[in-house]
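Subject: Structure handover

Hello,

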Amino acid sequence: MEYEFTTAADIKKLCSKHKIKISELAKRYESERAGVSHVVVRNRMKKTRDVIWEAIENGIGNKKKSDLKMSGGDAAKMYAQLTNMRDMMSNRVCVRAMAYALAIGEQNALMGRIAAFPTAGGAGVVPGVLFSSSQHFHAGKRRLLRAMFCASAVGIVIASGATISAAKGGCQAEVGAAAAMAAAGLIEMQNGTVEQCFDAAAITLKSYLGLVCDPLGGLVEVPCIKRNSIAAMAAIGAGDMVMAGIKSFVPFDEVVRAMKNIAETMSPKLRETALGGLAATPTGNKIKKKLGLPIIK
Ligand code: SF4
């Protein structure tokens with residue numbers, strides 16, 4: 001396949017050969033892989049964008065708690081802060097990004113419709129960063145779509161070289177991967193170079209290496225929802241570093257290899273089994289008791 005890639009090095013080569021951005025390469029790759037036209041691929045991504053936006057809108061206005069009352073209403077609280085920025089240390093882009101990320105996570109916990117981007121557990125980060133930033137830049141729907149394609153390409157590299165499954169690699173593979181994808185997409189939205197996209201992705205992913213998956217009661221609520229929100233801030237921070245001229249000392253492909261090594265040595269207790277980390281705290285055990293799950297001491 002002409003546009004196939006599995007590494008950042010492949011992407012750099014192909015983008016330079018065809019004189020295209022990562023987003024365009026991702027679109028051509030998907031078109032070739034799925035055997036459909038570019039228009040079909042773009043329309044599918046548009047649908048994803050619309051599903052995400054619907055989830056954000058539903059989430060920021062919803063104060064309903066989840067069944068076990070572990071989550072709900074925080075997106076509305078955060079979004080309301082946009083009318084009272086004097087109490088906030090971060091700027092409007094960040095506050096809105098956190099609110100959007102919380103909104104997606106809360107909708108997921110309420111069994112609402114979301115788009116797994118790249119997974120359901122990490123689905124808040126990319127929308128938080130890219131949808132909030134596109135509003136800030138008045139980027140328009142097309143530029144947002146391109147940023148989403150760019151983010152997707154980074155997700156493919158992580159899935160090819162390591163994993164995006166928490167059961168295999170812990171939360172570094174869900175929220176960590178999503179944060180790296182978001183950081184790259186943000187740079188492309190700002191018209192950055194391919195190298196800058198991967199610098200931002202590498203800086204972000206390095207910061208999430210080793211992050212374990214330890215959801216209370218095995219439900220994707222705590223710590224997942226707030227973790228997405230904080231990861232959105234990390235991605236924006238990495239993007240700002242890159243726009244300031246900072247590079248990643250370790251290339252992205254090496255970071256992905258390190259992530260794979262860590263995943264292979266991570267205890268099964270910390271890979272989506274709810275047997276360790278926060279899931280095994282007294283608070284985590286209370287939730288397990290409510291769910292009738294065995295408590296392992
Ligand atoms: S803690 Fe586990 S379930 Fe929650 S977001 Fe991270 S990987 Fe997903």
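Below is what turned up, taken region by region.

One caveat comes before the rest: this is a predicted model.

**Ligand shell**

The shell around the ligand holds 13 residues. G121, A166, C171, C213 and C224 come nearest to the ligand. By type, the shell splits into seven nonpolar, four charged and two polar residues.

**Core**

The largest nonpolar core contains 102 residues. A182, A184 and A235 have the most contacts inside that core. Take A184 as an example. Leaving out residues up to four places away in sequence, A184 touches C150, A151, V154, C197, F198, A200 and A201.

**Helix α1 and I11**

I11 sits in helix α1, residues 8-18. Is I11 buried or exposed? I11 has 27 other C-beta atoms within 10 Å. The threshold for buried is 20 or more, so I11 counts as buried. Its contacts, again without residues up to four places away in sequence, are F5, I22, L25, A153, V157 and V194. I11 and F198 are 187 residues apart along the chain, yet 9.9 Å separates their C-alpha atoms.

**Helix α3**

Helix α3 covers residues 38-60, 23 residues in total. From first C-alpha to last, α3 reaches 33 Å, close to the 33 Å expected at 1.5 Å a residue. Its buried residues are V41, M45, R49, I52, A55, I56, G59 and I60. Note that R49 is in that list.

**Helix α12**

Helix α12 runs over residues 252-265 and has 14 residues. At 1.5 Å a residue it should span 20 Å, and its end C-alpha atoms are 20 Å apart, so the two agree. Which residues of α12 are buried? They are F252, V255, V256, M259 and A263. These residues cover an arc of only 100° around the axis, which puts them on the same side of α12. The general rule behind such a pattern is that an α-helix has 3.6 residues a turn, so residues three or four places apart point the same way. On the other side of α12, N261, E264 and T265 are exposed. The buried residues of α12 pack against α1, α7, α8 (166-169) and α10 (194-208).

**Backbone points to check**

Two peptide bonds are cis. The bond from F117 to P118 has omega near 10°. P118 lies in the loop between α5 and α6. The bond from V222 to P223 has omega near 5°. P223 lies in the loop between α10 and α11 (224-243).

Positive phi values come next. M111 is not a glycine, but its phi is about 65°. M111 lies in the loop between α5 and α6. With 9 other C-beta atoms within 10 Å, and 12 or fewer needed to count as exposed, M111 is exposed. N191 is likewise a residue other than glycine, with a positive phi near 65°. N191 is placed in the loop between α9 (175-189) and α10. N191 has 10 other C-beta atoms within 10 Å, so N191 is exposed too.

Best regards

Methods. Residues numbered from 1 in each chain as written. Predicted model: local features only at pLDDT ≥ 70, side-chain atom pairs only at ≥ 80, totals over all residues. Helix = DSSP H or I, 4+ residues; strand = E, 2+ residues; numbered from the N terminus. Expected span 1.5 Å × (residues − 1). Near = placed C-beta within 6 Å. Nonpolar A, V, L, I, M, F, W, Y, C, P; charged D, E, K, R; others polar. Core = buried A, V, L, I, M, F, W, Y, C linked by C-beta atoms within 7 Å. Contact = placed C-beta atoms within 7 Å. Arc of directions from axis to C-beta.
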